Amino acid sequence: MIYDLIIVGGGPAAVAAGVYAARKKLKILVIAGKDGFGGQSLVSADVQNWIGTKSVSGFDLGKMLEEHLRSQDEAEVLEDFVMKVEKMSAGFRVHTENAKALETKTVLVASGSRRKKLGVSGEKELDGRGVAYCSTCDAPLFKNKIVAVVGGGNAGLEAVVDLLSYATKIYLLASGDKLKGDPITQEKIVKSGKVEIILQAKTSEILGDKFVSGLKYDDGISKIAKELKLDGVFVEIGSVSNTDFVKDLVQVNKYGEIIVDHKTQRTSLGGIWAAGDVTDVAYKQNNISAGDAIKAVLNIYDYLNKNL
Ligand SMILES: Cc1cc2nc3c(=O)[nH]c(=O)nc-3n(C[C@H](O)[C@H](O)[C@H](O)COP(=O)(O)OP(=O)(O)OC[C@H]3O[C@@H](n4cnc5c(N)ncnc54)[C@H](O)[C@@H]3O)c2cc1C
């Protein structure tokens, strides 16, 4: 059996693509990963800009997406992890962790991105025990605590803003010699009087036994290794696209994002499309991911009709 289209992902991009492709009566398979549906905002307490819905938790948004997709008779779903996409003389073979190789005429990559890690000692061991990657989700856990936010871009600044209502003191560590985030947000955090900004700081270790107790960093100004006493560390240094399974086939930019033609979502290799956070799209949002994936499916539909 050869699918018309295999969609990789379980976030808004993949689900939107799945619903549209099923309604076009394409023979499709959505390989949704192993974390269930919803993608990155699954961990959000409250998503307030999913159009048509004033407020929904990430968990419920995931359930809504899954229900919509599974309601389409034509949509086949597999909860598995794609390891590799192989180019064949005609079409592709998709290898997953648990299923045997699956054949398809076209592929839509909608595998999103994941948070970048610092890669320092203590980070993995204390993940969920004071080390956090989602201020929207976890800021309330740090009421009356002392925390550090690592990352001087917008993600770092927004994490600080989330923490302002809870933490008693916040250290903001940036590796550069100035903050990169929005000036308005910078002003807000400076005015709060709660935030100490440390520039040219390179985190070298997260300390703690059962829970985070501190952080070590190399101070690029004094050239001395320093230590902070803390209850928590938020790592906010950006994200990395999930492209391992196709990175030898399609072109990516210097950030590792798949380069697409934004009119059609085609990648550099004929037969593979990409949409959502995995691509070089300028703005990473749920609605944008869904819209771009729909654009891709409509283009795939035209392509399949012309290549039949
Ligand atoms: C904490 C947080 C809060 C956010 N809040 C908002 C918000 O309020 N509003 C908003 O619009 N945006 C928000 N965003 C951004 C939004 O979550 C993303 O833009 C959106 O999730 C991107 O959707 P996507 O489908 O492209 O990718 P993702 O949501 O990243 O989904 C990718 C999917 O692919 C799966 N996958 C990955 N690799 C494989 C593989 N090899 N095989 C199979 N499956 C795979 C993953 O498990 C996941 O299901 C938030 C992001 C974060 C991190």
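The model is predicted: local features need pLDDT of at least 70, side-chain atom pairs count only at pLDDT 80 or more, and totals for chains, interfaces and linings use all residues. Residues are numbered from 1 along each chain as its sequence is written.

Start with helix H2, residues 58-70. Helices (H or I, at least four residues) and strands (E, at least two) are DSSP runs, numbered from the N terminus. H2 has 13 residues and reaches 18 Å from its first C-alpha to its last. That is close to the expected 18 Å at 1.5 Å a residue, where the expected span is 1.5 Å times one less than the number of residues.

Gly58, Leu61, Gly62, Leu65 and Leu69 of H2 are buried. A residue is buried if 20 or more other C-beta atoms lie within 10 Å of its own, exposed if 12 or fewer, and partly exposed in between; C-beta atoms are placed from the backbone. Seen down the axis of H2, the buried residues fall within an arc of 100°, so they line one face of the helix. The arc is that of the directions from the helix axis to the C-beta atoms. What covers these buried residues includes helix H1 (12-23), strand S2 (28-31) and strand S3 (75-78).

Now turn to the loops. Lys25 sits in the loop between H1 and S2. Its phi is near 65°, a positive value in a residue other than glycine. Lys25 counts as exposed because it has 11 C-beta neighbours inside 10 Å.

Lys223 lies in the loop between strand S13 (212-219) and strand S14 (224-229). Lys223 is not a glycine, yet has a positive phi of about 60°. With 8 C-beta neighbours inside 10 Å, Lys223 counts as exposed.

Key
Contact = placed C-beta atoms within 7 Å.
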